[in-house]
Structure formats: C-alpha cells, structure tokens
Amino acid sequence: ALVGLSLMVGGAEGVEVCRVADLALVTQTGEFFLAAGFLIMGVSTTVFVMLAFKAHPDKRQFFFCACFITVTGCFTYYAMLSGQAWLITPNCRQLFYARYLDSAVSIPLAFLAMGMVAGVEKTLIAAVMGGGLMLVFAGFMSAITGGFIKWLWFSMGLVVLIPLLLALLVGFKHSADRRHPSIPDLYSKLSWLIVAALALSPVVFLFSTGLSQWSPNFEILVYALLDMASKVAFGFVMLLSHEAMDNAAGIPLYAEPMAKEREAVSYGTQPMRPVSRPVEAYI
C-alpha cells in the first residue's frame with residue numbers, strides 16, 4: 001500500500017508522505033533494550049531512595065537529584081516500551097519524543113547536582129540549567145523538521161552546547177578546586193560522565209535521526225548506554241562518595257567511637273587516636 005503518514009514538515013517543504021514500507025520502526029530487539037533500560041532505571045531509583053532515608057538530612061538534596069533523574073528515566077523507558085510518546089519524522093523514522101521530555105528534566109538536575117557539589121553560586125547554576133533546556137529544545141526541533149531548517153536547529157544546539165561544556169570543565173571545576181581536597185576528585189568523575197554524554201549525543205543524533213545511517217534499534221542501544229553513564233553511574237558515583245558529600249554539604253565528621261580506644265588499652269597498647277569518619281560509616 002502506498003498510503004502513508006502525512007507530515008507537516010514546514011512552510012518551505014509542505015507535506016511529505018512516508019510509505020509504510022519505508023518506515024524505520026523499532027523491532028523486538030529495540031524493545032529488549034528498552035526493557036533493560038526500564039529495569040536498570042527502576043532498580044537504581046529504588047536503591048537511591050533507600051540510601052536517601054539513611055543519609056544525613058543536609059545531604060538529601062543530592063539524593064533527591066539522583067532519584068528524580070533515574071525515576072524520570074524509568075518513566076521514559078516504560079513509555080517507549082509500551083509504544084507511547086512517539087511520532088514519525090520527515091525522514092520516515094520513528095522518533096520517541098519522550099526522550100526529549102526526559103532530557104528536559106535530567107540535564108538541568110545533573111547540572112544542579114554538580115553545581116552544589118562544586119559550590120558554584122546560584123546565578124551561574126541557574127544560567128547553566130537554562131542553557132540545558134535550550135539545548136534540549138533545539139535538539140527536539142531539529143529532530144521533527146527536515147531540510148536546511150533541521151540543520152539550522154542542529155547548529156543552534158551546538159552553539160548552546162559549547163559554552164555549557166566550557167562552564168562544566170572550567171567554571172564549575174575552578175569552584176570545586178577551591179573546596180575540600182575530596183571534592184575536586186569527585187567533581188572530576190561526575191563532570192566527565194556528563195561531558196562525555198553531552199558531547200556524544202550530537203554524534204548519535206547525526207547518524208540516527210539526522211542522516212538515518214543507524215537503525216532505530218541501534219540508536220536505542222547507544223542512547224541507553226549514554227543514559228547508564230549519565231544517570232545511573234552518575235548517581236552511584238556521587239552518592240557513594242561519602243567524604244566528598246559530607247564536605248559538600250558542610251557536615252562535620254565524627255570521631256571514632258571510644259570503644260576501640262578502651263579495647264586497645266586493655267591489651268596493653270597505646271591508645272588509638274580518634275579518626276574522622278563519615279556519618280554513613282555508623283549506619
């Protein structure tokens with residue numbers, strides 16, 4: 001059948017019709033990747049929530065960021081797995097616009113968490129979060145349009161991306177370097193996870209939605225790997241760095257219980273000097 005899907009591409013290009021045989025759709029292989037992403041995001045969210053209940057109240061702001069990032073990803077993967085929140089692009093390709101809704105939440109939250117870790121002033125954090133929203137908007141508009149308009153939106157997204165990467169690698173890092181010695185090391189790990197995901201996303205877009213060189217299944221796989229790094233690994237690295245989190249939140253360290261000192265004295269040895277440990281060590 002030649003009856004396809006009519007799409008409004010833009011005033012200059014009019015209406016484009018996709019034949020059913022030409023549609024690039026997600027198959028069972030892609031659904032498997034979506035199911036795996038849904039399970040990983042769900043389990044990670046559960047772990048983050050459990051850790052949040054045990055964390056010091058002053059640190060829960062970081063846990064909230066990690067939880068909302070992964071729970072939004074969990075909802076997004078479930079929506080894509082259930083066949084919702086998608087459309088057909090002008091190049092006859094299935095596009096899950098739920099992914100852009102997810103990015104509009106997760107990218108600003110990741111910037112917020114990194115800004116709090118680095119101790120960046122609120123105005124700069126707000127500016128970077130706003131830039132993240134602009135990046136997502138430009139990417140979405142590029143995905144649903146065609147012709148030169150598509151690549152104009154893509155170029156505008158790159159223009160927004162470059163200063164965002166500079167802010168994370170220079171501005172935020174400079175602020176983190178002035179804090180407790182444990183914080184720069186943590187920030188370096190977090191920043192490279194986010195920077196790598198942001199820098200590779202345009203490449204994935206170019207070969208998938210842009211030029212249709214990759215199948216929708218392979219596109220889902222690559223995006224899932226980027227999500228695992230920028231959402232799941234990001235959350236675990238941040239939340240399990242107890243010393244850096246304590247210092248970022250301004251929590252005083254606790255001395256070693258005196259029981260060990262009394263035990264050392266009972267065996268005729270020198271008393272042990274109290275050692276600073278994070279509050280999670282006693283939970």
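## Overall architecture

Read from the N terminus, the elements of the chain follow the order β-β-α-α-β-β-α-α-α-α-α-α-α, which amounts to 9 helices and 4 strands. The model is a predicted one, and the values below are computed from it. Of the 283 residues in the chain, 45% count as buried. Among the contacts in the chain with a separation of 6 or more, 71% are accounted for by residues 24 or more positions apart.

## The nonpolar cores

The largest nonpolar core holds 54 residues, and within this core Leu168, Leu198, Phe234 and Met238 touch the most other members. Two or more residues are given to this core by each of helix H1 (28–54), helix H2 (60–81), helix H3 (98–118), helix H4 (122–144), helix H5 (147–177), helix H6 (182–210), helix H7 (216–239) and helix H8 (242–249). Apart from this core lies another one, of 14 residues, including Leu34, Met41, Cys74 and Tyr77.

For Met238, once neighbours within four places in sequence are left aside, the contacts are Phe62, Ala66, Ala113, Val117, Leu186, Leu190 and Met245.

## Packing of H2 against H3

The axes of H2 and H3 are 9 Å apart and pack at an angle of about 165 degrees; because angles over 145 degrees count as roughly antiparallel, H2 and H3 are placed in that class. The crossing of these two helices is left-handed.

On the H2 side, the contact is made by Gln61, Phe62, Cys65, Phe68, Ile69, Thr72, Gly73, Thr76, Tyr77 and Met80, and on the H3 side by Ala98, Arg99, Asp102, Val105, Ser106, Leu109, Ala110, Leu112, Ala113, Met116 and Val117. Sorted by class, the contact of H2 with H3 comprises 14 nonpolar, 5 polar and 2 charged residues.

## Packing of H2 against H7

H2 also meets H7, and here the axes come within 9 Å and cross at roughly 155 degrees, so that H2 and H7 are likewise roughly antiparallel to each other. H2 passes H7 in a left-handed crossing.

The residues of H2 that take part are Phe62, Phe63, Ala66, Ile69, Thr70 and Tyr77, and they meet Tyr223, Ala224, Asp227, Lys231, Phe234, Gly235, Met238 and Leu239 of H7. By class, this contact has 10 nonpolar, 2 polar and 2 charged residues. Phe62, Ile69 and Tyr77 of H2 are listed in the contact with H7 and also in the contact with H3.

Not counting residues up to four places away in sequence, Arg99 touches Thr76, Tyr77, Met80, Ile220, Tyr223 and Asp227. Of these partners, Thr76, Tyr77 and Met80 belong to the H2 side of the contact between H2 and H3, while Tyr223 and Asp227 belong to the H7 side of the contact between H2 and H7.

## Phe154 in H5

Phe154 lies in helix H5 and is buried, with a relative accessible area of 16%. Leaving aside neighbours within four places in sequence, Phe154 is in contact with Ser142, Pro202 and Phe205. Phe154 and Leu135 are 19 residues apart in sequence, and their C-alpha atoms are 9.5 Å apart in space.

## Helix H8 and its covering

Helix H8 is mostly covered, with 6 of its 8 residues buried, namely Ala244, Met245, Asp246, Asn247, Ala248 and Ala249. The covering of these buried residues includes H2, H3, H6 and H7. H8 is followed by Gly250, a residue whose phi is positive, near 75 degrees.

## Positive phi in two loops

Ala85 is not a glycine, yet this residue has a positive phi of about 55 degrees. Ala85 lies in the loop between H2 and strand E3 (86–88), and at 19% relative accessibility Ala85 counts as buried.

Cys92 is a further residue that is not a glycine but has a positive phi, of about 60 degrees. Cys92 is located in the loop between E3 and strand E4 (94–96), where, at 12% relative accessibility, Cys92 counts as buried.

Terms used. Residues are numbered from 1 along each chain as its sequence is written. This is a predicted model: local features need pLDDT of at least 70, side-chain atom pairs count only at pLDDT 80 or more; totals for chains, interfaces and linings use all residues. Side-chain values use heavy atoms; hydrogens and water are left out. A nonpolar core is a set of buried Ala, Val, Leu, Ile, Met, Phe, Trp, Tyr and Cys residues joined through side-chain atoms within 4.5 Å. Buried means under 20% relative accessible area, exposed over 50%, partly exposed in between (1.4 Å probe, protein chains only). Contact means heavy atoms within 4.5 Å. Axes are lines fitted to C-alpha atoms, for helices over the stretch in contact, and angles run from 0 to 180 degrees between N-to-C directions. Angles under 35 degrees count as roughly parallel, over 145 as roughly antiparallel, 65 to 115 as roughly perpendicular and the rest as oblique. A crossing is left-handed if the near helix is turned anticlockwise from the far one by less than a right angle, and right-handed if clockwise. Ala, Val, Leu, Ile, Met, Phe, Trp, Tyr, Cys and Pro count as nonpolar, Asp, Glu, Lys and Arg as charged, and the others, Gly among them, as polar.
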